[in-house]
Amino acid sequence: MKNASSRRAALKKIAGSAAIVTVGSSLSARVAAAEQAMGTELKGKINHSVCKWCYDKVPLDQFCQEAKKMGIKSIELLGPEDWPTLKKYGLTCALPNGAGKGIEQGFNDLKLHDELVKSYEEVIPKVAAAGYNQIICFSGNRRGMSDEEGMKNCAVGLKRLMPTAEKYKVTLVMELLNSKVNHKDYMCDHTEWGVGLCKLVGSERFKLLYDIYHMQIMEGDVIATIKKHHPYISHYHTGGVPGRNEIDETQELYYPAIMKAIVDTGFTGFVAQEFIPKREDKLASLNQGVRICDVA
């Protein structure tokens, strides 16, 4: 009996080692394939963007050059001070920032409306002058407020901005974030709530940023949700679940199928990589992410 038990333990150890080698080989092969593919023509169904904050140690000039080699057209979540650098390299900013008071202090707080409206009214013309057509915004944290009250408050503030947004043809895009792991107490944490707010605001110049990572954590059912609510979504972010790292087979989502679903809705906007690379060669991870999302 003892020998049989030892044999089983040995076999388990061998099988485990083999699995580790297989996974490691697969990852190495994927990274190598991504590196080899760099500079080759993309299929063109997805407009690729990337969030700069995930690569904060890479100087913007260098990052622009490397991103362009990968076929990325946009570097986003950057303000007016960085837009000239993007233009120098022929890149756009699919989702600028530069207005508001951050994630936790948003439109659900009536006391902040005057300050928020002033901030966005100053930046929206700059966005339009730079040739961009979106800017990010946030609901703010609940702080004991009901979802219904928060939605009504957001609508009041956002409606004040719609004449300016419509005049300059700039869309305010509210990000859907998870309140379970990363952004405790954030209000706009479910797609249905965001869609309800879009309907309440009643303008094509207010839509949602559907962050796939965040919404997988909060509600799952990603592809069905995209198919159902795509008219209210003007931007997408990626990220591996769990951990917000690489979007390959180390995580639970299958991004090629998600990208195919996005393409099938007729979406012509941008999908931005917003994962935090774990590997030493962070740019190789970014290139791999672009290739994974490059669906036919």
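Which residue just after helix 9 takes a positive phi?

**Figure 1. Overview of the predicted chain.** This is a predicted model, in which local features need pLDDT of at least 70 and side-chain atom pairs count only at pLDDT 80 or more, while totals for chains, interfaces and linings use all residues. Residues are numbered from 1 along each chain as its sequence is written, and side-chain values use heavy atoms, with hydrogens and water left out. The chain has 10 helices and seven strands; helices (H or I, at least four residues) and strands (E, at least two) are DSSP runs, numbered from the N terminus. Of its 296 residues, 53% count as buried. Here buried means under 20% relative accessible area, exposed means over 50%, and partly exposed lies in between, with a 1.4 Å probe and protein chains only. Among contacts between residues at least 6 apart in sequence, 75% join residues at least 24 apart, a contact being heavy atoms within 4.5 Å.

**Figure 2. Helix 9 and the residue that follows.** Just after helix 9, G266 takes a positive phi of about 90°. Within helix 9, the residues Y255, I258, M259, A261, I262 and V263 are buried. The elements that cover these buried residues include helix 7 (212-218), helix 8, strand 6, strand 7 and helix 10.

**Figure 3. Helix 6 and its cover.** Helix 6 is mostly covered, with eight of its 11 residues buried. The buried residues are T191, W193, G194, V195, G196, L197, C198 and V201. Their cover includes helix 5, strand 4 (171-175), strand 5 (206-211), helix 7 and helix 8. Helix 6 is followed by G202, which has a positive phi near 70°.

**Figure 4. The packing of helix 6 against helix 8.** Two packed helices are described by the angle between their axes and the distance between the axes. Helix 6 (residues 191-201) and helix 8 (residues 222-229) pack at an angle of about 10°, and their axes are 12 Å apart. Helix 6 is therefore roughly parallel to helix 8. Axes are lines fitted to C-alpha atoms, for helices over the stretch in contact, and angles run from 0 to 180 degrees between N-to-C directions. Angles under 35 degrees count as roughly parallel, over 145 as roughly antiparallel, 65 to 115 as roughly perpendicular, and the rest as oblique. On the helix 6 side, T191, E192 and V195 meet T225, K228 and H229 of helix 8. By class, this contact of helix 6 with helix 8 has one nonpolar, three polar and two charged residues. In this classification Ala, Val, Leu, Ile, Met, Phe, Trp, Tyr, Cys and Pro count as nonpolar, Asp, Glu, Lys and Arg as charged, and the others, Gly among them, as polar.

**Figure 5. Salt bridges.** Side chains of opposite charge can pair when their charged atoms come close. The structure holds 16 salt bridges, each a side-chain nitrogen of Lys or Arg within 4 Å of a carboxyl oxygen of Asp or Glu. In one of them, the side chains of R160 and D114 meet with N and O 3.0 Å apart. R160 lies in helix 5 (residues 147-168) and D114 in helix 4 (residues 113-129), so this pair ties together parts that are 46 residues apart in sequence. R160 is partly exposed, at 38% relative accessible area, whereas D114 is exposed, at 54%. Another salt bridge pairs R142 with D147, again listed at 3.0 Å from N to O. R142 is buried, at 16% relative accessibility, while D147 is partly exposed, at 34%.

**Figure 6. A salt bridge between two loops.** R244 forms a salt bridge with E274, and the closest N and O atoms are 3.1 Å apart. R244 lies in the loop between strand 6 (233-237) and helix 9 (255-264), and E274 in the loop between strand 7 (270-273) and helix 10 (282-292), so the pair ties together parts that are 30 residues apart in sequence. Both R244 and E274 are buried. Elsewhere, salt bridges that share partners join R142, D147 and D189 into one network.

**Figure 7. Cysteines without disulfides.** The structure holds zero disulfides, a disulfide being a pair of cysteine sulfur atoms within 2.5 Å. C51 is in no disulfide, and the nearest cysteine sulfur, that of C54, is 5.6 Å away. C51 is buried, at 0% relative accessibility.
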